[in-house]
Amino acid sequence: MANLEAFKHINPDSGFPTILHPNFNPKIRDWTPPDPPHKEVVPAKDRASFADPAKLNLLSTAKPVDLTESIGTVLHGVQLSKLNEVQLDELALLVSERGVVFFREQDLTTESQEKLFSHYGTLDKHPSQKDGKHVVIRGSNQDHRQISNYTPWPQAGFHADTSFEINPPSYSLLRMEQHPPVGGDTAWVSQYGLYDSLSPVYKKLFESLHAVHTSRLQYDTILDLWGTGPNRPPVDSHHPAVRTHPVTGLKALNVNEGFVTGFAELKKPESDKLLDFSILYIHSADDHYVRWKWQVGDVAFWDNRATIHRVIPGKYEAGTRRGIRTTVFGEKPFFDPKSEGREERAERLTREKDVGNKPNGVKEEGGVAN
């Protein structure tokens with residue numbers, strides 16, 4: 001935290017740091033990103049689209065255990081490095097449905113992780129990433145509540161990876177190489193569940209809006225706090241506040257704490273209040289939440305179109321947490337008004353099953369089942 005420029009400018013009256021405008025912060029002002037912004041691409045068809053819905057090849061070798069009703073599954077008895085392409089496709093479908101899938105005691109290396117994840121598309125490059133194929137994830141033991149006074153990006157907030165990109169990542173995979181015995185957990189929340197739990201009125205409201213996803217706040221923080229230069233200039237993207245998942249066809253709330261600053265169609269007081277509600281709503285969604293306690297060799301594989309996540313702040317020793325994350329480009333987010341929520345689909349399928357099980361001639365609600 002002492003790296004922040006504000007700590008070089010202590011107010012004589014309060015004794016606390018003074019925030020500088022970015023144009024007067026030399027670390028931000030003097031940086032020229034070496035790469036241009038990403039341009040929209042049309043990725044190859046999602047590998048989950050090729051999977052057997054029953055996932056028989058994958059589940060013949062792996063035992064799934066769901067961690068909660070809404071989100072999170074552990075696959076036991078399988079090494080990711082040994083899966084064939086058919087099984088990898090079925091794994092992507094499971095991730096799309098359950099949001100995040102966990103593995104213990106994996107034998108992947110950085111090189112084999114990059115090779116495996118390339119099966120799912122073109123590897124993305126984080127704005128702060130120096131290696132072309134992966135980014136090192138360390139976590140932080142600093143007081144994010146205090147840091148937020150002096151740098152604009154809510155680092156400890158729930159987010160989908162680089163959701164500000166015009167083509168945000170679809171899948172991410174994090175493999176833990178080093179980890180403290182306590183602390184540094186990661187939590188995920190289901191965006192399917194967040195949408196489902198809204199009232200009908202709020203569902204319609206969010207469906208009518210575009211969320212403003214920006215990298216501006218992260219851009220300034222990377223330079224000021226991390227002391228490294230972002231590869232690309234900051235960007236704003238206006239993505240649907242409710243998006244349709246291209247594989248499952250389900251609606252997901254596409255709002256997060258880390259990168260969303262408001263809603264394009266609303267006036268600022270309206271936008272601020274709706275964003276305040278969204279953040280409170282996310283943090284109170286315990287019924288759509290899963291928290292993972294890491295061990296060295298663990299892997300988490302998640303879908304950024306169906307989940308948001310955050311590392312839990314802690315007091316663990318600096319330098320004791322290190323993971324390797326790979327991501328792949330996804331499609332530009334879209335909203336299909338004909339798509340349905342997860343609970344809505346489950347209710348529809350139950351009704352259709354009940355109707356199909358009724359014998360011919362049985363009356364129901366004044367009609368005839370046939």
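User: Hey, what classes of residues make up the lining of the largest pocket?
Analyst: Hi! In this predicted model, the lining of the largest pocket has 19 polar, 15 nonpolar and eight charged residues.

User: And what volume does that largest pocket have?
Analyst: The largest pocket comes to about 1100 Å³.

User: What's the volume of the largest cavity, and which residues lie nearest its centre?
Analyst: The largest cavity has a volume of about 80 Å³. Its lining has 14 residues, and P127, F164, S215, R232 and P233 lie nearest the centre.

User: How does that lining divide by class?
Analyst: The largest cavity is lined by nine nonpolar, three polar and two charged residues.

User: What about the second largest cavity, what classes line that one?
Analyst: There you'll find six polar, five charged and two nonpolar residues in the lining. The space inside the second largest cavity is about 60 Å³.

User: Where do I look for it?
Analyst: Go to D124, H126, Q129, R325 and T327, which lie nearest the centre of the second largest cavity, out of 13 lining residues. Strand β15 (residues 322-329) gives the largest share of that lining, with three residues.

User: New topic: aromatic rings. How many pairs does the whole structure have?
Analyst: A search of the whole structure turns up 17 aromatic pairs. One of them is Y120 with Y171: the ring centres are 5.7 Å apart and the planes make an angle of 55 degrees, so this pair counts as tilted.

User: Why does the Y120 and Y171 pair tie together parts that are apart in sequence?
Analyst: It comes down to where the two residues sit. Y120 is in the loop between α4 (110-117) and β4, while Y171 is in strand β5 (residues 169-178), so the pair links parts that are 51 residues apart in sequence.

User: Buried or exposed, those two?
Analyst: Y120 is buried, at 7% relative accessible area, and Y171 is buried as well, at 1%.

User: How accessible are F277 and Y281?
Analyst: F277 is partly exposed, with 26% relative accessible area. Y281 has 14%, so it counts as buried, the limit being under 20%.

User: Which aromatic cluster do they belong to?
Analyst: F277 and Y281 form one aromatic cluster with Y202, F206 and F263.

User: Last one: which charged residues sit over rings?
Analyst: Here are two to look at. K45 lies over the face of F50, 5.4 Å from the ring centre. R310 has its charged end over the ring of F158, at 5.5 Å from the centre of that ring.

How values were computed. Residues are numbered from 1 along each chain as its sequence is written. This is a predicted model: local features need pLDDT of at least 70, side-chain atom pairs count only at pLDDT 80 or more; totals for chains, interfaces and linings use all residues. Side-chain values use heavy atoms; hydrogens and water are left out. On a 1 Å grid over the protein atoms alone, a cavity is a set of points where a 1.4 Å probe fits but cannot get out, and a pocket is an open set with protein on both sides within 12 Å along at least five of seven lines; lining residues have an atom within 4 Å of a point. Grid points are joined across faces, edges and corners, and a volume is the space filled by probe spheres set on the points. Ala, Val, Leu, Ile, Met, Phe, Trp, Tyr, Cys and Pro count as nonpolar, Asp, Glu, Lys and Arg as charged, and the others, Gly among them, as polar. Helices (H or I, at least four residues) and strands (E, at least two) are DSSP runs, numbered from the N terminus. Rings of Phe, Tyr and Trp (its six-membered ring) pair if their centres lie within 6.5 Å; planes under 30 degrees apart count as stacked, over 60 as edge-to-face and the rest as tilted. Buried means under 20% relative accessible area, exposed over 50%, partly exposed in between (1.4 Å probe, protein chains only). A charge sits over a ring if NZ of Lys or CZ of Arg is within 6 Å of the ring centre and within 35 degrees of the ring normal.
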